[in-house]
Amino acid sequence: MSLPKAYDHRALETRWLERWSDRGLFRVETPTTPVERFVIVIPPPNVTGTLHIGHALNNILQDIFTRWARMRGRQALWVPGMDHAGIATQNVIERQLARTGKTRFDIGRSAFVEQVWRWKEEYAHRIRTQLRRLGASCDWSRERFTMDDGFSRAVRAAFVRLYREGLIYRDHYIIHWCPRCQTALADLEVEYHTIQGKLYWLRYPLVEGTGHVVVATTRPETFLGDTAVAVHPTDERYRTLVGREVELPLIRRRVPIIADEAVDPEFGSGAVKVTPAHDPTDFEIARRHGLPAVEVMDETARMNDNAGPYRGLDRFEARRRIVEDLTRQNLIERVETYSYAAGHCYRCDTVVEPRLSWQWFVRMKPLAEPAIEAGERDRPRFIPPNWKVNYLDWLYRIRDWCISRQIWWGHSIPAAYCDACGRTLVDDPLPKTCPDCGHADLRPDPDVLDTWFSSALWPFGVFGWPEETPDLRAFYPTDLLVTGFDIIFFWVARMVMMGLHFTGQVPFHEVYIHGLVRDERGQKMSKTRGNVIDPMDIVQDLGADALRLTMARLVAPGTDMPFSRQQAQGYRTFMNKLWNATRFVLLQFESREMAPPLPPAEELDVFDRWILTRLDETVQSVTAHMEAYEVNEATRKAYNFFWNDFCDWYIEATKLDLQEGPQTPAARRRKAVLVHVLDTSLRFFHPYTPFVTEELWSHLPLAERPTAFLALAPYPTPNPALRWSDDAAFVERLWAIVSKFRQVRAELNVPPAAELRGRLTPAPDPALTDRLARYAGMVRFLARLSDLEIGPVRRLAGWVYDTLGDHELELEVARYIDLERERQRLHREIQRLDQQIQHLRQRFEIPAFVENAPPAIVQETRDKLIQLEDQRGRIQRYLEDLER
């Protein structure tokens with residue numbers, strides 16, 4: 001089948017998706033003998049909706065590394081899957097219900113969970129389809145879900161084992177509580193935003209004598225739960241008051257004044273209210289001093305019976321009413337504007353409340369210690385390495401992890417309670433009766449586990465743990481994890497801790513950290529800003545390959561990436577370049593004609609040797625950058641080689657021979673080189689642009705194919721025998737000469753079709769001059785010269801002069817341009833350049849720019865100034881020549 005004239009990404013991508021799927025191309029059988037493998041498990045996307053632009057980046061990177069490993073001969077397994085995303089998915093379904101005027105409590109737990117499962121099936125299919133359209137070369141037969149039967153068993157087994165080892169416990173403790181989601185949150189699930197609030201200075205009257213103690217608070221509604229006032233033991237202002245009592249305003253409850261080192265004497269008045277049920281620091285103070293804890297809010301953050309006259313009010317309405325009442329009684333000393341960090345739920349952005357409740361916790365320090373020891377030895381190795389510091393710092397400061405959630409969608413906690421004897425039972429499966437008293441009516445724990453608990457088991461849970469399965473032995477630990485920096489603590493660290501604890505091995509050898517995808521101005525994408533880009537729109541309009549190559553070119557480890565549709569449009573143009581270059585090569589072949597083998601070195605001319613040298617250098621460079629995870633640099637080298645060296649120079653050079661006929665010895669040699677370079681180029685481009693390269697490779701007239709699919713073809717390897725540095729340097733000199741003639745033509749507006757006379761001074765080396773003379777025909781052909789004389793310059797009227805290294809050159813232009821009009825234009829161009837040069841020079845006269853601007857910006861500005869000065873000098877020479 002001949003290659004169509006136009007590149008149609010939609011038909012092409014659909015066709016290859018079907019072919020790869022029909023042949024089971026990416027399916028991996030469990031090896032029974034040792035093999036060189038590459039294993040990667042997908043960071044499972046949440047089944048809350050569809051893939052966003054960050055998912056696209058993450059999965060494109062994974063696919064690039066997987067395809068590259070596969071082509072290098074490794075057994076490459078990429079395990080796909082999805083996460084049930086407890087709170088996030090439950091919130092989506094609750095919003096659906098709210099639109100019908102209902103809550104989850106109206107329909108009940110069973111019906112609610114069934115509705116979530118229906119959502120999961122619908123959106124899992126969407127996500128699966130989107131990943132395929134991106135070109136994800138996963139083994140789809142191994143797809144997992146964090147709540148499938150096998151994985152659920154792994155979650156229960158992990159919980160039970162940790163409980164029996166004393167690493168999971170249940171406690172009545174103060175935790176972060178989201179009143180909107182009505183569940184506990186772990187420390188990492190609370191996001192802190194600075195808000196402009198108020199600091200209220202409240203007067204607490206002394207019980208005996210006169211006077212009062214002033215306490216400062218941002219949350220006056222919680223004073224109803226105060227059980228003490230605390231001061232620092234060394235604070236002389238309150239030394240005589242410690243041991244006395246104050247009376248809480250409005251409710252007239254007496255509380256003691258105590259001394260505790262947790263108090264900051266510099267905050268407010270130095271005396272603080274102690275509210276054990278609603279503040280974590282106060283909770284610890286209360287434990288040390290044996291104080292009671294009085295809860296004044298319910299799970300929805302409304303005031304409860306302990307709030308007396310404020311019962312039933314929302315917390316913020318209660319704050320307003322309490323402030324009004326305290327003001328009337330002259331019990332507020334002053335109110336100040338005050339900025340402070342308030343915790344918000346990471347899912348719904350509601351202000352969280354510290355709340356006292358029964359929760360399950362993981363004791364983290366014993367789990368963190370082996371992870372710290374491994375991390376200090378670069379297990380895993382972070383790319384870029386600076387993230388290792390952040391990772392270890394968090395592990396050093398780790399706190400116990402609250403893992404129970406008061407929601408309905410998620411893994412049930414494998415625990416039950418015997419109300420007859422008070423025993424807590426943890427097992428899988430749970431017994432039908434209490435082993436202590438025989439009571440049969442056991443009460444299951446109603447909570448579910450934090451999503452991140454199950455996600456922490458992902459790298460080994462997908463391979464059948466807790467069983468010692470053949471898959472677990474063959475594919476664990478994995479080789480690489482690709483993830484964003486925002487979940488290093490949520491997920492990466494916890495996977496390492498759980499992997500070490502349950503398997504004795506770090507779950508992945510390396511962790512590639514990428515940044516966020518931002519808009520072209522560097523702003524975070526959000527619906528409110530209106531700058532969100534749907535990756536599937538790009539795939540539909542421009543093609544998956546265009547999106548993939550754009551992201552590959554822009555991404556850098558650990559760095560946020562600016563992205564725009566215009567950039568993707570630019571790389572869509574490169575797909576056309578690949579297509580048209582291949583089509584040009586194929587048009588040189590007759591029907592059923594196969595490409596001849598690459599000729600021996602002695603039959604290659606200097607241009608063949610140049611392109612083969614550049615090809616081998618590019619293969620070596622691309623490979624080195626890929627091994628260093630520098631995908632952006634690898635694609636830059638590949639892109640520049642194909643567009644500049646192959647298309648702009650070699651293909652154009654071959655036309656001189658090919659126009660003599662397709663079967664001349666020179667033409668056949670050129671065709672052999674063209675196919676060899678194209679074959680190699682398509683191979684090293686395949687990990688980045690799999691669809692178009694697979695299509696083009698299938699059309700190449702190769703006499704022998706190692707495989708029916710480019711996806712399984714060997715990746716190119718450097719071959720020093722295909723390098724000729726002297727010949728390559730000579731051709732680079734020729735191309736520089738051609739470029740200089742082209743530059744002069746362009747800057748003087750010479751019509752493209754005009755063939756001019758040119759002159760070039762000899763090289764210092766006579767042998768090099770003789771060689772230039774032999775290849776003057778190629779310079780004439782590419783620079784569109786009617787004649788090229790090699791000799792001294794004459795500075796004749798109607799000719800312009802320029803220099804290039806150790807050469808001088810002249811070009812006759814007077815017959816092809818309007819001299820007077822061109823002189824006027826060059827005068828205007830010089831004025832324009834002078835303005836730009838002056839502007840840039842003024843920037844360097846500002847010390848703040850040189851000292852404070854980013855070094856890259858300073859260097860970019862300096863390079864631009866040099867470029868403009870060079871351009872001005874050339875145009876000034878041309879003008880002087882034209883005015884002679």
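Begin by selecting Tyr-571, Phe-574, Tyr-639, Phe-641, Phe-642, Trp-643, Phe-646, Tyr-650, Phe-684, Phe-685 and Tyr-688, which ring pairs link into a cluster. Rings of Phe, Tyr and Trp (its six-membered ring) pair if their centres lie within 6.5 Å; planes under 30 degrees apart count as stacked, over 60 as edge-to-face and the rest as tilted. The model is predicted: local features need pLDDT of at least 70, side-chain atom pairs count only at pLDDT 80 or more, and totals for chains, interfaces and linings use all residues. Residues are numbered from 1 along each chain as its sequence is written, and side-chain values use heavy atoms, with hydrogens and water left out.

The whole structure holds 52 aromatic pairs. Select Phe-105 and Trp-408 next: this pair is edge-to-face, at 5.4 Å centre to centre and 80° between the planes. Phe-105 lies in helix α4 (residues 104–107) and Trp-408 in the loop between β17 (404–405) and β18 (415–417), so the pair ties together parts that are 303 residues apart in sequence. Helices (H or I, at least four residues) and strands (E, at least two) are DSSP runs, numbered from the N terminus. Trp-408 is buried, at 15% relative accessible area; buried means under 20%, exposed over 50% and partly exposed in between (1.4 Å probe, protein chains only).

Move to Phe-844 and Phe-849, another edge-to-face pair, with 5.7 Å between centres and 85° between the planes. Phe-844 is partly exposed at 22%, whereas Phe-849 is buried at 11%.

Finally, select Pro-597, in the loop between α17 (565–587) and α18 (606–627). Pro-597 is exposed, with a relative accessible area of 67%.
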